[in-house]
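Me: Could you walk me through this protein, one question at a time? I am new to reading structures.

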Amino acid sequence: MPKLIQSSLWKTLDAHFNEVKHSHMRDMFDQDSQRFDKFSLKLNDILFDYSKNIVTEKTMDHLYALAEECDIRQWIEKMFDGEAINNTENRAVLHTALRNRDGLPVLVDGEDIMPAVCEELKRVKKLAEAIRTRLWRGYYDQPITDVVNIGIGGSHLGPLMVTEALTPYSLHDLNIHYVSNVDENHINDTLEHLNPATTFFIIASKSFTTQDTMVNAETARQWHINKVGDDSQIDKHFSAVSSNVKAAKEFGIDENNVFQMWDWVGGRYSLWSAISLPIVIAIGTENFDELLQGAYEADQHFRSASLEENIPVTMALLGIWYNNFFDAQTMAVLPYDQHLNKFPAYLQQADMESNGKCVDRQGSVVDYTTGPVLFGEIGIAAQHAFFQLLHQGTKLVPADILAPVSNFHCIARHHRALMSNVFAQTEALMKGKTEQEAYAELKAEGLDEDAIKALLPNKIFPGNRPTSTFLFNSLSPATLGSLIVLYEHKIFVQGIIWNINSFDQWGVELGKQLASGILHELDDNAPTKQHDSSTNGLINYYKEQRIKNKGENSL
C-alpha cells in the first residue's frame, strides 16, 4: 500500500471533503427522506444510527474503498488466526480467543490454546461460585462478604466498568471493591470499614511487579496480618491473576489461587481473561457466559459482515473522516444509562493507549494525525456540563450516544424523560437553530427590536454537529459484551488504516522507569541535583515540606 496520505484514494477523499465540508446535515435530511434507512445498521438488539453524520453515500463509498485498499479483511483474519500482528513485541493478539464459543481450535505457534483457555475459565468459575455460595470460608470459618480487586490499567478499568454496568445482575449482599491508586487514601478508605475475616483480595498484575499494584497489595497483606496476628491464613483471603506464579507464591498466595495470564492478551483487552474474576464473583457464571456470548457474536459480525454492513468498520471510518479530514482532535462518548458511567473511562484507555502513536509499523514518524482525545460522561450530566461547547463552541466534537430502550427496573416516567433528552440532543446538535428561527422565537416572546438585536447572536446554534447513536433493548450481559467488542474492533481498524501497532504501549514505560529511580531518591532527605531544575526544585520542595511537617527523621 502506498504511504497513506499519498495514496490515490486518500487524495480522492480529500477532494470529496472539499466538496462536502460546507454541507449541512439539515439540508441532507431535507433532500433524502430515506437517510436513516441508508445510514443505520443492526446487530441483534443493537441499532447503530450514523445518519446524523456529515456524510453522503459517496463519502461512505470512498471510505469503504479505503478500508478495502488497507486490506482490512486480511488483517482481521491475521488477528483471529493468531499471527503475531503485535510486531514490536512479536506477539499474537488473541483476546478474541478468550470469548471463542464455537469450540474450534485457535493456534499460537502451532499449538491449540483453547483447552488452556477453557480450563482457566473453569477454574475462575469454580472459585467465584465458591465465594458466591458461601462455601469459601475465611479464618474463623466465616463466609466472604467483601472482595477487593487490586490492579491498575486494564486489570482495573475493565472489571470495574463491567461490574458497574451489570449491577442489576449482581449479588447485592456481596460487595466488590476496586483499588488502583497508589495514593494511600484509596486503599485506606476501602479497608476502613472491612472485616479481615470476611474480606477476599484479588491481586491483578501480569508481572506481579507493577509498582502501584504491589504497594497496595503489600498494604492489604499487612492489614490482614495485623488483624489476624500472622500470615498463616493468607491462602484463604488472597488470590492472584498473573503470569508470574513464582512471585505470587512468594507473596504467600497458594498456587491453586493463582490464575493465568498470557502474553497474547494485552492488559486493556484482558477483561475476558481471568482478570474477570471479580466480575464472575459479582454476576455469576451464567451471566458471565452471556457476556462472552454477546462478545463472540460481535466478533462473528466483525469477521463475516461485508464492509458496508460492518458496524466496527463503519465506526472506524467515521472516526478517520473526522480526525483526518475535519481535523477533529477529540471525540465524546455519552452513555444515557447510569450503569455505563465507567464506560467512557474504560474506552479512554482502550482507544488512547492503543492508537496514541506517532510511529508507523515500519518505524517511521507519521505525517498525519492518529488517535483522538476521547472523553465522556453520563449524557444527562454532560448536558449540564460540557454540551454548551458541543452546541456552540468553536471545536467540532463528534459524539457517540448510547441509550437503552428499556431498563432492568424500568419506571416509565423516568425512562421517557431520559429518552426525550437522547432524541432532542441528537436532533439539536444536527439541526441547530437558524437566525430566522431564533428571531421568530424572540419575537414571539414579546421582545422589542433592540432587545432582539442584542440577544439574537447568542440564540443561534450552528448545528451540523455529528452524532452516532446506539440504541439497545436493555443493558444485558450479552448486549454489554457486544458493545465492548464493537469498540475494540473499531480501534483495531483505525490502527490498520493509520498503519500503526494498536497493541503495544511503549509510551507507558518511560514514566514508570523514571518513577522507579526517583522513588529511591525519596528515601532520604538529601537535596536532589541530578534532574532538570524544575524536577529538582519540586523534589527538594517536597523533601523540605516533609521535614517541616513530620520532623528531621521523617521519610
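Reply: Happy to! Let us begin with a term: two strands pair if DSSP finds at least two bridges between them. Helices (H or I, at least four residues) and strands (E, at least two) are DSSP runs, numbered from the N terminus. This is a predicted model, in which local features need pLDDT of at least 70 and side-chain atom pairs count only at pLDDT 80 or more, while totals for chains, interfaces and linings use all residues. Residues are numbered from 1 along each chain as its sequence is written, and side-chain values use heavy atoms, with hydrogens and water left out.

Me: Which strands stand at the edges of the open sheet of 6 strands?
Reply: The order in this sheet is β1-β2-β13-β12-β10-β11, with mixed pairing. An edge strand has a single partner, so one side of it is left without a neighbour in the sheet. The two edge strands are β1 (40-43) and β11 (373-376).

Me: In β13, what is the bridge partner of Phe48?
Reply: Strand β2 (residues 46-49) and strand β13 (residues 467-472) run antiparallel and are joined by 3 bridges. In β13, the partner of Phe48 is Phe470.

Me: At about what angle to β13 does α20 run?
Reply: Axes are lines fitted to C-alpha atoms, for helices over the stretch in contact (heavy atoms within 4.5 Å). Angles run from 0 to 180 degrees between N-to-C directions. Helix α20 lies across β1, β2, β10 (330-335), β12 and β13, and its angle to β13 is about 155°.

Me: Why are the buried residues of α1 on the same side of the helix?
Reply: Helix α1 (residues 8-20) has buried residues Leu9, Trp10, Leu13, His16, Phe17 and Val20. The arc is that of the directions from the helix axis to the C-beta atoms. These residues are on the same side because they cover an arc of only 120° around the axis.

Me: Which exposed residues does the face of α1 turned away from its buried side carry?
Reply: What covers the buried residues of α1 includes α4 (57-69) and α13 (311-324). The face turned away from that buried side carries the exposed residues Ser8, Lys11 and Glu19.

Me: Is Asp109 buried or exposed?
Reply: Asp109 is in the loop between β3 (107-108) and β4 (111-112). Although not a glycine, Asp109 has a positive phi of about 55°. With a relative accessible area of 81%, Asp109 is exposed.

Methods. Buried < 20%, exposed > 50% of the residue type's maximum accessible area, 1.4 Å probe, protein only.
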